[in-house]
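Dear colleague,

I am passing on a structure that you have not worked with before. Please look through it with the notes below beside you.

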Amino acid sequence: MRRREFIAALLGGSVASPLVAGAQQRKVPTIGVLVVGGTSGSEQFWRLFREVMREQGYVEGTNIRYEFRSDQGQVSRLPELAAELVRLNVDLIVTWFTPAAQAAKRATREIPIVMALAGNPVETGLIDSLDRPGGNITGMAGVGAELAGKTVELIRDMLPSERRIVALANAPDPFSKPFLEHIRLGGAATGTTIEPLMIHSVEELEAGFSAMDKDKPDAVIVQPSLPSKRAAELAVQHRIPAVSVVRAFVEEGGLLSFVSAELDMYRRGAIYVDKILKGARPADLPVQRPTKFELIINMKTAKAIGLTVPPEFLARVDEVIE
């Protein structure tokens with residue numbers, strides 16, 4: 001090689017190397033994910049959310065990283081898990097259920113937070129308003145409280161002689177307040193007696209169902225952040241119709257669920273994540289509410305508890321689990 005060609009090659013290499021290194025070292029965004037665990041609903045969220053992120057072009061390990069944290073059913077762990085994600089300097093935090101969103105909000109006012117699902121976030125103090133959330137939080141506002149109120153009417157339609165419902169509320173979850181308020185409104189509208197039962201632990205859940213044997217209610221409504229699978233099992237064991245407002249509950253053996261279409265919600269949440277990673281500010285993105293709803297019944301459970309579902313009610317159901 002002639003001297004001039006050698007120098008040109010050497011200079012070309014010295015210029016190219018930093019560019020190659022820069023490309024290799026380009027920062028891959030890290031998403032912190034914080035969920036209220038202990039339910040298959042959280043597992044379903046995690047699976048669906050990654051699916052819709054892939055639809056947006058994000059491939060785990062290639063152009064996106066996740067730091068997943070679950071409280072495993074122990075809500076008291078959420079603050080430390082949220083603080084851990086902040087220490088990791090994640091680019092954004094996605095939360096599932098109200099307690100997780102509140103823990104993330106307390107942990108940071110700077111890292112963007114996207115609520116994949118948080119019930120009634122204005123009433124629980126997460127945001128200022130749906131149109132102008134303010135601060136660093138946006139995403140999807142669940143309407144679980146309103147749906148829970150609607151289930152009182154659905155129970156009456158399914159069980160015309162129904163007069164008394166027990167509402168199982170998750171005491172540590174601030175969503176329990178609007179949850180119970182809407183159920184009471186549903187009770188007042190239908191002439192149904194509503195008996196709230198505050199649950200602090202799985203042991204109290206089991207004790208609560210045992211106590212119902214002495215004066216069995218016509219039905220129970222289960223707050224979604226409670227251990228849904230165990231609640232469904234206990235309801236079948238004690239032969240009590242049980243309903244909730246998350247899909248996982250009916251899939252795990254609960255009798256009935258009236259739910260927001262979760263895949264649609266998580267897809268819209270993933271779109272918000274994409275927008276924020278590309279420079280949008282959470283405060284500029286109005287919080288959205290679900291627009292699609294599904295009524296699902298588990299007929300295997302109906303048979304197990306000796307319940308005959310009226311044909312006219314069954315005709316209204318969107319999905320039947322046999």
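This is a predicted model: local features need pLDDT of at least 70, side-chain atom pairs count only at pLDDT 80 or more; totals for chains, interfaces and linings use all residues.

The lining of the second largest cavity divides into five nonpolar, three polar and no charged residues, where Ala, Val, Leu, Ile, Met, Phe, Trp, Tyr, Cys and Pro count as nonpolar, Asp, Glu, Lys and Arg as charged, and the others, Gly among them, as polar. This cavity holds about 40 Å³ of space, and among its lining residues are Trp-96, Phe-97, Pro-224 and Val-246. A cavity here is a set of points, on a 1 Å grid over the protein atoms alone, where a 1.4 Å probe fits but cannot get out, and lining residues have an atom within 4 Å of a point. Grid points are joined across faces, edges and corners, and a volume is the space filled by probe spheres set on the points.

Residues are numbered from 1 along each chain as its sequence is written, and side-chain values use heavy atoms, without hydrogens and water.

The largest cavity has a volume of about 180 Å³, and of the 19 residues that line it, Phe-97, Leu-117, Gly-144, Pro-224 and Val-246 lie nearest its centre. Its lining comprises 11 nonpolar, six polar and two charged residues, and β4 gives the largest share, three residues; strands are DSSP runs of E with at least two residues, numbered from the N terminus.

The average pLDDT is 90.

With best wishes

How values were computed. pLDDT is the predictor's confidence in each residue, from 0 to 100. On a 1 Å grid over the protein atoms alone, a cavity is a set of points where a 1.4 Å probe fits but cannot get out, and a pocket is an open set with protein on both sides within 12 Å along at least five of seven lines; lining residues have an atom within 4 Å of a point. Helices (H or I, at least four residues) and strands (E, at least two) are DSSP runs, numbered from the N terminus.
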